[in-house]
Structures are given as C-alpha cells and as structure tokens.
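Please read them alongside the sequence and the coordinates.

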Amino acid sequence: MAKAYMKLPDDFLEKLSRLGNRTDEICEKMLKAGGEVVLSKAKSNLSSVVGQGTKYKTRSTGELESAIGLSDVRLDKNGNYNIKIGFAESRKDGSSNAKLANIIEYGKSGQVAKPFMKPAKNSSKAKCLEVMKATFDKEVDSI
C-alpha cells in the first residue's frame, strides 16, 4: 500500500492554529468589510441612475438612496455565513423600497431598465475579495 505525506508551510500551520475558536468572529468581520465595498458601489450607482433619463421631472425624495444598507451576518441552514444588501421598508407613502428598486433595476412598461445592483456586484468583486483577504490577515496577525 502506498503512503503519501504532505508538509504544509510553517507560517500557514501557525495561522491555522492561532485561529482557534475565533473563526466565526473573523468570518463575520470579513463579510462586513466586503459588504461595505459592494454597498458603497451600489449606493454610488443608485445615485447616478435615480431621476436620470426620465420623460418627466423627477420626483425623487432621496428616500430610496437612504434606505439601502447591509443586513446582519447570518448563518444559513447549510452552515454558510451570508450578508445581504437590501432596502429598509417601507416608504412614507406606504409603498415598498424593494419594489421601487426592482423597477429601476429591471424597468417596466414605458420605463427603461437602469441597472445599478448587478453592475455594482460585477465591478466591485475584485476589490471586495481583496478587502476580505486583508481583513482576514489583519485579524489572524492580531491573535
């Protein structure tokens, strides 16, 4: 029977041993840091599309832009940590911020789509991963 041995780099093994029971806490910090990067891009994109290219004078109140934010970090049924970008409910007039954001993102009859979430996700992916890795390294080094 064949045997195989793997020798991992000492610095990697040291980092793993220092993580200990702080893994969950570090994962939450990483997700929050990455989420902030994407949230900032989504806010910027939303500000640039609201009220632009409309037939009529815009009725923007700024309510939608102030309602966008990050959820708390949650553990799903599969044991994965998740954080989401979404809209606080509801508006002063009783309508839904999520519905209004959906109309802006995908359009409707007589209104062209002005995507802001998907471009934010695509354009900030690399920066998000970079920030999450930096957060991880910073947390591990502080242990």
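Which residues form a nonpolar patch on the surface? I take this up in the first point, keeping in mind throughout that the model is predicted.

1. The patch is formed by Phe12, Leu13 and Leu16, which together have about 260 Å² of accessible area. Leucine 13 lies in helix 1, a helix that covers residues 10-19, and its relative accessibility of 40% is the reason why leucine 13 counts as partly exposed.

2. As to the overall layout, the protein has 5 helices and 4 strands, and their order along the sequence follows the pattern α-α-α-β-β-β-β-α-α. Of the 143 residues in the protein, 27% are buried.

3. A search of the whole structure for salt bridges finds 2, and Glu25, Lys29 and Glu139 are linked by salt bridges in a network. One of these contacts is between lysine 29 and glutamate 25, with the closest N and O atoms 3.5 Å apart; both residues belong to helix 2, where they are 4 residues apart, or about one turn of the helix.

4. The other contact to examine is the salt bridge in which the side chains of glutamate 139 and lysine 29 meet, at 3.4 Å from N to O. Because glutamate 139 lies in helix 5 and lysine 29 in helix 2, this pair ties together parts that are 110 residues apart in sequence.

5. Turning to the second largest pocket, about 370 Å³ of space lies in it. The pocket is lined by 19 residues, of which Val38, Ile83, Ile85, Lys121 and Cys128 are the closest to its centre. By class, the lining of this pocket is made up of 12 nonpolar, 3 polar and 4 charged residues.

6. How many residues does helix 5 give to the lining of the second largest pocket? Helix 5 supplies 8 residues, the most of any contributor to that lining. Helix 2 (23-49), strand 3 (81-82) and helix 5 (117-141) each provide at least two of the lining residues.

Methods
Residues are numbered from 1 along each chain as its sequence is written. This is a predicted model: local features need pLDDT of at least 70, side-chain atom pairs count only at pLDDT 80 or more; totals for chains, interfaces and linings use all residues. Side-chain values use heavy atoms; hydrogens and water are left out. Patches are made of residues with over 30% relative accessible area and no salt bridge: like charges are joined within 9 Å, nonpolar side chains (Val, Leu, Ile, Met, Phe, Trp, Tyr) within 5 Å. Accessible areas come from the Shrake-Rupley method with a 1.4 Å probe; for residues, only the protein chains shown count as cover. A salt bridge is a side-chain nitrogen of Lys or Arg within 4 Å of a carboxyl oxygen of Asp or Glu. Buried means under 20% relative accessible area, exposed over 50%, partly exposed in between (1.4 Å probe, protein chains only). On a 1 Å grid over the protein atoms alone, a cavity is a set of points where a 1.4 Å probe fits but cannot get out, and a pocket is an open set with protein on both sides within 12 Å along at least five of seven lines; lining residues have an atom within 4 Å of a point. Grid points are joined across faces, edges and corners, and a volume is the space filled by probe spheres set on the points. Ala, Val, Leu, Ile, Met, Phe, Trp, Tyr, Cys and Pro count as nonpolar, Asp, Glu, Lys and Arg as charged, and the others, Gly among them, as polar.
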